[in-house]
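Please have a look at the structure first, and then read on.

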Amino acid sequence: MQKQNATVHLLILDPSQNDAESLVSLLRNAGKATRAHRITSEEDLEEALKNGNWDLLLARDIEQEFTADNALAMIRRMDKDIPCLFLTEQESRERTVAVMKAGAQATVQSGHDDLLVLKAKRELAALEDRRRRRALESHLREAEQRCQLLLESSKDAIAYINDGMHIYANQSYLEFLGYDDIDDLMCVPVLDTLTPESQTDYKTFMKSFAEKGQDGMTINCTAKRSDDHELNVTMSVSGATYDSEVCTQIVLQPEHSDAELEEKLREISSQDLLTGLYNRQYLMKELEQAIANAGKNNQTGALAYIALDNFITMKGQVGISGADLLLSDLATLLKKEAADDLVLARLSDDAFCLLCLPGDEKSMTTRCEQIRKAVDDHLFEINGRTVPLTVSIGVASITENSPKAEELMARAHTASSDVRKQEGQAQGNGVRAYNPADHETLDDSNSTEAILKALDDNRFRLLFQPIINLRGEGEEHYEAFVRMLDQDDKEVSPYDFLPPMGPTDTAIKIDRWVILQTIKQLSSHRSRGNDTRMFLNVTAETLQDKTFTPWLSVALKAARLPGDALIFQIRECDANNYMKQAKDFTKALHQLHCKVSIAQFGCALNPFITLKHIDTDYVKIDGSFTEEIQKNDEAREQVKEMVKSLQSAGKLTIIPLVENAAVLATLWQAGVNYIQGYYLQAPVPEMNYDFGDN
């Protein structure tokens, strides 16, 4: 599936159409797919709130017929969860306090675009969290209802207890202990359902359970029914919540001889057979529980990933049996150093793991340094031969903000790998704590340098995605995309990391690299008899570059490529922000016989105004419409009307983000000319799509 940021549905209260358009462009340039509605009156806002779902209100805090305060009051009156940001002419603590008391989230001084983007992103993230919480609460209620039905119909004898008293018991539990009604049992402590001999064992057992908090602990005891008949039972306990109250779940089963065997099998299933340590499955389960505890109880901990340095080379020297002996000896040493307060497990051939809870990153790093030194100092004897061994250890902290278990493990693994990259430690043999800040996505302070270095190091890749004629006319079109390999060798779009406010020459350099490399590949591809045309995206910086079209003319002549093989694509927001430059740019391209396309069309407040000034050949409708036409009829009719208007104006229409067959019928009926998306093909390094299949 193609990943796409969710579309932000934006309400704007601003008397200036141009200023409102600028706000839309600002969010789009910040990476937020944005669809906006400009409020014109009280009735207009009321209609919008009744008929649409909105994510954010940006309101200009000035004197106007329908003020920002009026808009905020209406949102509160209609009980809509829409964050509101007021755009003020000057900073005023008193005004900020007043609007926040009224229900707005913040104020931002006009012109502070960087601050506005940050606050908007913060409020959108908080809104998404609230929506997710409400959805989860709904799912939780449904799950609790299903659990209640399962409990009542279960053949197992199940009860919930709190402070030693029964607060719930299912019918099987009542029958097991000989009670007719739950009300009779509610007054009976759990201890009274056990024989005097078992009561002492039960108290000790529950104290141990409270300390360890390990679900599934069992005890063999003797239960006493209401008729004083005694039964030997196995009681298993686990933590639970009943009716929003933290409690303990107990399950009673008749005691049987296989209980000890089952416990032994459970123990074996959690062990690594070679070393006798815990295995990966057990560790991941414990890690998930540790992360959960950190989230619930703010209990911090730490995870250490212990990687053996040069294990593959060593294994080749001592053989498989020698490597097994080495791992067994190392496991013994690690177990001795780890003591009983750490969970020690073997993850794979050359990796072990330590889990500490409670604890912290600093103390774990100190312990790991002691372990590293102990391994380095130890003489491992394999078949009479001394084998040197070192380890690289990465430590990741466990906090209430920790990610899922797999990602946390990846953090510790990354820190371990970074040990070997440190200068002077080519062979590893060190300890390093994972610092999330070192692995954050590029930001404004380092992105430009990283992009330029990637260009110099040839760490850019071109990808091509087909654009298909829905009428089956056999034309061959592709769109070119560029990906940059970041510091973790993951593919990212370099445009995503360009600072919104410049510098302009970086975007121009990327555009020219993409265009030049595409021209070379397209020329070679067409020389093999393919009549292929290519869509190329250009940034606002290139729109303003007066030297671009002369440079392009030279590049086309050098490659002997006709101009009509290229279709240059301009974003709608860039065309609106730089209307004069876009008009001149389009005219110059047409003189070279190149075509022009407007992308992300339909998100401006008045999108068709753009087409009055810019002579474009193609129009690519914004991808947010593709998602919405599958959900509601109103969006479907809106797209049909838009396509009809565009085609009556002589524009060829393209719909992107087509990810399933279900939407094709709607697009066909709407009269769309071209489609693009993962349903047809994901972007790939080669122009290899078979257009003849359509």
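On the outward side of helix α17, V554, K557 and A558 are exposed, where exposed means over 50% relative accessible area, buried under 20% and partly exposed in between, with a 1.4 Å probe and protein chains only. Before going further, please note that this is a predicted model, in which local features need pLDDT of at least 70, side-chain atom pairs count only at pLDDT 80 or more, and totals for chains, interfaces and linings use all residues. Residues are numbered from 1 along each chain as its sequence is written, and side-chain values use heavy atoms, with hydrogens and water left out.

**Helix α17**

- Helices (H or I, at least four residues) and strands (E, at least two) are DSSP runs numbered from the N terminus.
- The buried residues of α17 are F548, T549, L552, S553, A555, L556 and A559.
- These buried residues line one face of the helix, because they fall within an arc of 165 degrees when seen down the axis of α17; the arc is that of the directions from the helix axis to the C-beta atoms.
- The 12 residues of α17 (residues 548–559) should span 16 Å at 1.5 Å a residue, and the 17 Å between its end C-alpha atoms agrees with this; the expected span is 1.5 Å times one less than the number of residues.
- After α17 comes R560, with a positive phi near 55 degrees.

**The nonpolar cores**

- The largest nonpolar core holds 63 residues, and F460, I519, M534, L552, L566, F568 and L667 have the most contacts inside it; such a core is a set of buried Ala, Val, Leu, Ile, Met, Phe, Trp, Tyr and Cys residues joined through side-chain atoms within 4.5 Å.
- Helix α15 (residues 504–526) gives the most to this core, with 6 residues.
- Leaving out residues up to four places away in sequence, I519 touches L552, A555, L556, A559, L561 and L566, a contact being heavy atoms within 4.5 Å.
- Another core, of 33 residues, lies apart from it, and L326, L342, L344 and I393 are among its members.

- Strand β6 (residues 157–162) is mostly covered, with 6 of its 6 residues buried.
- A157, A159 and I161 point one way from β6, while I158, Y160 and N162 point the other way.
- β6 pairs with strand β10 (residues 245–254) in the antiparallel sense over 5 bridges, where pairing requires that DSSP finds at least two bridges between the strands.
- In β10, I250 is the bridge partner of A159.
- β6 also pairs with strand β7 (residues 165–169), in the antiparallel sense over 4 bridges, and M165 in β7 is the bridge partner of N162.
- The hairpin of β6 and β7 has 2 residues between the strands, and D163 takes a positive phi near 55 degrees there.

**Y202 in helix α8**

- Y202 sits in helix α8 (residues 196–212) and is buried, with a relative accessible area of 7%.
- Not counting residues up to four places away in sequence, Y202 touches I161, V190, L191, L194, I219 and M235.
- Y202 and M235 are 33 residues apart along the chain, and their C-alpha atoms are separated by 9.5 Å.

**T616 in a loop**

- T616 lies in the loop between α20 (608–613) and β24 (618–621), and it counts as buried at 2% relative accessibility.
- The side chain of T616 reaches the backbone oxygen of V596 at 3.0 Å.

Note on methods: A polar contact is a pair of N or O atoms within 3.5 Å; within protein, one must be able to donate a hydrogen and the other to accept it, and residues adjacent in sequence count only if both atoms are side-chain atoms.
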